[in-house]
Amino acid sequence: MFSRDCPVYQLRLADGSDLWLLLNHLKSQSFTSGDPDPLRSRQSTEVRAIYDRLRAEGARLIAVMGDFNKGPSNDQPPQHPTLEPLLGPDSPLVDATTLPGFDLGPRPGTFQSCSLRNRLDYILLSPELADVATGGGIFRKGLWGTPTNKNPPQDWTVFPQIKKAIHAASDHAAVWIDLNL
């Protein structure tokens, strides 16, 4: 089912409650082996099933995160083809970027040029975990942008050691949140 599995981590917090992390790297957008969308749809459905099972077992603090490899459409409201179980209107998960205190920075995306369609990386929270989120953002200092760019990105600052695309830490920016646990 999963190209790189969906590890589930249970972290015991100081107060005795558990924080559950579902880490993902869903099917890439590469068409070298055919249309990736059907597999990514099945993967997102299975991730949602794992989330739902944890909830049925009593888990309340759950984060689903990772590279989902599909950005939203430019429609209003944005649509999330292949990710509907996680981001669609029937999903109970809360997209961290929609929370007060989350700083998107100068662009909405997380991959290469960081356009909206290049928002591939997500942190989704159960409602109870969203209630204790106090901030977050997208960290782009290790991201050059598109590999063909000869000049550094103009919309964000990179580390001074990064002089060209090959020096970048990744072609994805890091998404982060603060939680008051």
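Helices, in the sense used here, are DSSP runs of at least four residues, numbered from the N terminus. In this predicted model, helix H2, residues 84-87, supplies three residues to the lining of the largest pocket, the largest share of that lining. The pocket has a volume of about 350 Å³. Of the 16 residues that line it, Pro78, His80, Leu87, Gly88 and Pro89 are the closest to its centre. Classified by residue type, the pocket lining consists of seven nonpolar, six polar and three charged residues.

A cis peptide bond, with omega of about -5°, joins Gln76 to Pro77. At Thr82, phi takes a positive value near 80°, in a residue other than glycine. Most residues other than glycine have a negative phi, and most peptide bonds are trans. Thr82 has a relative accessible area of 6% and is therefore buried, the cut-off for this class being under 20%.

A positive phi is also found at Cys114, where the angle is near 65°. Cys114 belongs to the loop between strands E5 and E6, and its relative accessible area of 0% places it among buried residues. Asn118 is located in the loop between strand E5 (102-103) and strand E6 (121-125). Asn118 counts as buried because its relative accessibility is 17%. Leaving aside residues up to four places away in sequence, Asn118 is in contact with Gly109, Thr110, Phe111, Gln112 and Ser113.

Five strands are arranged as an open sheet with mixed pairing, in the order E1-E2-E3-E6-E4. Strand E1 (8-12) and strand E4 (94-95) form the edges, each pairing on one side only. Within the sheet, strand E2 (residues 18-25) is paired with strand E3 (residues 61-67) in the parallel sense, over seven bridges. Asn24 is positioned opposite Gly66 of E3. Helix H1, spanning residues 37-56, lies across E1, E2 and E3 and runs at about 170° to E2.

The volume of the largest cavity is about 30 Å³. Its lining comprises Ala96, Leu99, Pro100, Phe102, Ala133, Thr134, Gly135, Gly136 and Ile177. Strand E7 (residues 133-139) contributes four residues, the largest share of this lining. Six of the cavity-lining residues are nonpolar and three are polar, while none is charged.

Phe159 is situated in the loop that connects E7 with strand E8 (174-179). With a relative accessible area of 36%, Phe159 is classed as partly exposed, because this value falls between the cut-offs of 20% for buried and 50% for exposed residues. Contacts of Phe159, not counting residues up to four places away in sequence, are made with Phe139, Lys141 and Gly142. The C-alpha atoms of Phe159 and Leu143 are separated by 8.8 Å, with the two residues 16 residues apart along the chain.

Methods: Residues numbered from 1 in each chain as written. Predicted model: local features only at pLDDT ≥ 70, side-chain atom pairs only at ≥ 80, totals over all residues. Heavy atoms only, no water. 1 Å grid on protein atoms, 1.4 Å probe; cavity = no way out; pocket = protein on both sides within 12 Å on 5 of 7 lines; lining within 4 Å. Points joined across faces, edges and corners; volume = space filled by probe spheres on them. Helix = DSSP H or I, 4+ residues; strand = E, 2+ residues; numbered from the N terminus. Nonpolar A, V, L, I, M, F, W, Y, C, P; charged D, E, K, R; others polar. Pairing = 2+ DSSP bridges. Contact = heavy atoms within 4.5 Å. Axes fitted to C-alpha atoms, helices over the stretch in contact; angles between N-to-C directions. Buried < 20%, exposed > 50% of the residue type's maximum accessible area, 1.4 Å probe, protein only.
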